[in-house]
Amino acid sequence: MADFPDGWSSEEPVELHPSSPDWVPVADRWASAIQRVLAALAPRVEHIGSTAVPGLPAKPVVDLQVSVPDVDDEQSYRPGLQTLELELHAREPGHRFFRPPAGRPRTVHVHVCTRGSRWERDHLDFRDQLRARPEVAAAYAELKQQLAATVGHDRAAYTEGKSAFIRSALSHR
């Protein structure tokens with residue numbers, strides 16, 4: 001499991017911010033807009049990632065998981081997401097990654113998956129563990145801060161550095 005698709009990279013440094021009460025309203029606004037444009041699919045839209053865990057430092061970009069009937073049926077959701085100025089940035093088996101276009105402020109990353117899939121369950125389970133187990137959240141925060149201090153602009157290395165921790169947490173559910 002990764003926060004971003006394999007090979008995702010950026011010129012931007014990995015900068016963690018203290019937890020912000022603004023992240024939930026931003027996630028709620030985006031979730032409402034996505035629900036509106038994809039209403040025919042009755043998507044499940046969940047706030048995931050570190051910004052969904054109170055007290056956890058994070059990059060100031062909310063992650064939303066949009067669960068649809070079939071992630072491979074891109075025509076059922078891609079046009080709607082594009083009306084929100086979200087572009088398909090990566091396509092992986094079982095997962096599509098959308099974000100605002102380059103040069104635009106990024107307040108959201110949208111991860112589309114199939115309802116009931118392992119991708120959906122793993123991301124929700126990890127978020128829920130971080131919310132329910134302060135000791136796991138604290139260890140994850142420490143790891144994220146160490147990685148951010150050492151990887152510079154290499155977001156792929158940052159994501160990979162968190163993978164073993166995430167896999168371990170998921171193995172204890």
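**Close-up views of the predicted model**

**View 1. Glutamate 85 is partly exposed, with a relative accessible area of 44%.** The model shown here and in the other views is predicted. Glutamate 85 belongs to the loop that lies between α2 (78-83) and β3. Its phi is near 60°, which is a positive value in a residue other than glycine. Most residues other than glycine have a negative phi.

**View 2. Alanine 42 lies in the loop between α1 and β1.** Alanine 42 also has a positive phi, near 45°, although it is a residue other than glycine. With a relative accessible area of 52%, alanine 42 is exposed, because the exposed class begins over 50%.

**View 3. Five strands make up an open sheet with mixed pairing.** Their order across the sheet is β1-β2-β5-β4-β3. The edges are formed by β1 (44-48) and β3 (87-92), each of which pairs on one side only. On average, neighbouring strands of the sheet are turned by 25° against each other, direction ignored. Helix α1 (residues 23-37) packs on the sheet and touches β1, β2 and β5. The direction of α1 makes about 30° with that of β2. Helix α3 (residues 118-132) packs on the sheet too, in contact with β1, β2, β4 (95-99) and β5. The direction of α3 makes about 45° with that of β1.

**View 4. Strands β2 and β5 pair in the parallel sense.** The pairing of β2 (residues 62-68) with β5 (residues 108-114) runs over 7 bridges. Within this pair, valine 68 stands opposite threonine 114 of β5. Strands of a sheet pair through backbone hydrogen bonds, either parallel or antiparallel.

**View 5. Strands β3 and β4 form a hairpin.** The two strands run antiparallel and are joined by 5 bridges. Glutamate 92 stands opposite histidine 95 in β4. Between the strands there are 2 residues, and glycine 94 in the turn has a positive phi of about 80°.

**View 6. Helix α3 has buried residues covered by both strands and helices.** The buried residues of α3 are Trp119, Glu120, Asp122, His123, Leu124, Phe126, Arg127, Gln129 and Leu130. Their cover includes β1, β2, β4, β5, α4 (134-151) and α5. At 1.5 Å a residue, a helix of 15 residues such as α3 should span 21 Å, and the end C-alpha atoms of α3 are 20 Å apart, which agrees.

**View 7. Helices α3 and α5 pack at an angle of about 85°.** The axes of α3 and α5 (residues 155-171) are 10 Å apart. The two helices are therefore roughly perpendicular to each other, a class that covers angles from 65 to 115 degrees. From α3, the contact is made by Asp122, Asp125, Phe126 and Gln129. From α5, Phe165, Ile166, Ala169 and Leu170 take part. By class, the contact of α3 with α5 has 5 nonpolar, 1 polar and 2 charged residues.

**View 8. Helices α3 and α4 pack with their axes 5 Å apart.** The angle between α3 and α4 is about 105°, which makes α3 roughly perpendicular to α4. Phe126, Leu130 and Ala132 of α3 make the contact with Pro134, Val136, Ala137 and Tyr140 of α4. By class, this contact of α3 with α4 has 7 nonpolar, no polar and no charged residues.

**View 9. Leucine 147 is a residue of helix α4.** At 13% relative accessibility, leucine 147 counts as buried, because the buried class lies under 20%. Apart from neighbours within four places in sequence, leucine 147 is in contact with Tyr158, Gly161 and Lys162. Glutamine 82 is 65 residues from leucine 147 in sequence and 33 Å from it in space, C-alpha to C-alpha.

**View 10. Valine 151 is also placed in helix α4.** Valine 151 counts as buried at 17% relative accessibility. Not counting residues up to four places away in sequence, valine 151 touches Val14, Ala157 and Tyr158.

Terms used
Residues numbered from 1 in each chain as written. Predicted model: local features only at pLDDT ≥ 70, side-chain atom pairs only at ≥ 80, totals over all residues. Heavy atoms only, no water. Pairing = 2+ DSSP bridges. Helix = DSSP H or I, 4+ residues; strand = E, 2+ residues; numbered from the N terminus. Axes fitted to C-alpha atoms, helices over the stretch in contact; angles between N-to-C directions. Contact = heavy atoms within 4.5 Å. Parallel < 35°, antiparallel > 145°, perpendicular 65-115°, else oblique. Nonpolar A, V, L, I, M, F, W, Y, C, P; charged D, E, K, R; others polar. Expected span 1.5 Å × (residues − 1). Buried < 20%, exposed > 50% of the residue type's maximum accessible area, 1.4 Å probe, protein only.
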